[in-house]
Amino acid sequence: MEPEAIAEEASSLLEEAQGLATRAAELAEQARAAAEQAVTDAATHAVEAGGHGDFFLTGLTIFVLAVFVGYYVVWSVTPALHSPLMSVTNAVSSVIIVGALIAAGPAEFNFSQIMGFLGVLLASVNIFGGFIVTQRMLSMYKKKKK
């Protein structure tokens with residue numbers, strides 16, 4: 001190929017690349033605008049729905065699934081692993097108490113505050129009961145004094 005033909009082809013490829021870059025910038029701007037519109041639409045929909053309908057159904061579904069998973073996990077644990085499971089349950093319950101305190105914290109009295117109070121109460125029972133059971137199990141391994 002001649003140098004002039006190569007230069008002409010390179011120039012043609014350069015123009016084509018510039019056109020593609022311009023088109024890519026236009027598409028990126030359209031994607032940004034579409035994303036902004038989607039966020040605006042989602043926020044509007046959440047405000048119109050009161051923010052409770054979809055959230056309640058999702059939360060209820062997660063709760064029911066957690067109950068089933070928890071049931072099958074606990075009942076399939078061998079007795080040798082019971083103490084470590086209790087320790088992990090106590091740790092999880094302490095995190096639950098933090099979340100429940102946040103839910104129970106608002107000044108206005110509502111369903112969230114009631115559920116937060118129940119969460120604190122039940123998680124506290126679980127934590128203290130777990131400590132009592134762990135203490136009893138550890139005392140079984142202590143040597144008896146004569």
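Arginine 32 and glutamate 36 are 4 residues apart in helix 1, so about one helical turn separates them. Their side chains meet in a salt bridge, with an N to O distance of 2.4 Å. Salt bridges that share partners join Glu29, Arg32 and Glu36 into one network. The model is predicted, and the count of salt bridges in it comes to 3.

- Glutamate 29 and arginine 32 both belong to helix 1 and are 3 residues apart, which is about one turn of the helix.
- Arginine 32 has a relative accessibility of 39% and therefore counts as partly exposed.
- Glutamate 29 is partly exposed as well, its relative accessible area being 42%.
- Glutamate 36, at 45% relative accessibility, also counts as partly exposed.

- A salt bridge links arginine 23 to glutamate 26, and their closest N and O atoms are 3.5 Å apart.
- This pair counts as a salt bridge because the cut-off between a side-chain nitrogen of Lys or Arg and a carboxyl oxygen of Asp or Glu is 4 Å.
- Both arginine 23 and glutamate 26 lie in helix 1, with a spacing of 3 residues, or about one turn of the helix.
- Arginine 23 has a relative accessible area of 42%, so it is partly exposed.
- Glutamate 26 is partly exposed too, at 41% relative accessibility.

**The negative surface patch**

- Glu2, Glu4, Glu8 and Glu9 form a negative surface patch.
- One of these residues, glutamate 9, is found in helix 1, which covers residues 3–48.
- Glutamate 9 counts as partly exposed because its relative accessibility is 41%.

Terms used. Residues are numbered from 1 along each chain as its sequence is written. This is a predicted model: local features need pLDDT of at least 70, side-chain atom pairs count only at pLDDT 80 or more; totals for chains, interfaces and linings use all residues. Side-chain values use heavy atoms; hydrogens and water are left out. Patches are made of residues with over 30% relative accessible area and no salt bridge: like charges are joined within 9 Å, nonpolar side chains (Val, Leu, Ile, Met, Phe, Trp, Tyr) within 5 Å. Accessible areas come from the Shrake-Rupley method with a 1.4 Å probe; for residues, only the protein chains shown count as cover. Lys and Arg count as positive and Asp and Glu as negative; His and the chain ends are not counted. The place of a charge is taken as NZ of Lys, CZ of Arg, CG of Asp or CD of Glu. Helices (H or I, at least four residues) and strands (E, at least two) are DSSP runs, numbered from the N terminus. Buried means under 20% relative accessible area, exposed over 50%, partly exposed in between (1.4 Å probe, protein chains only).
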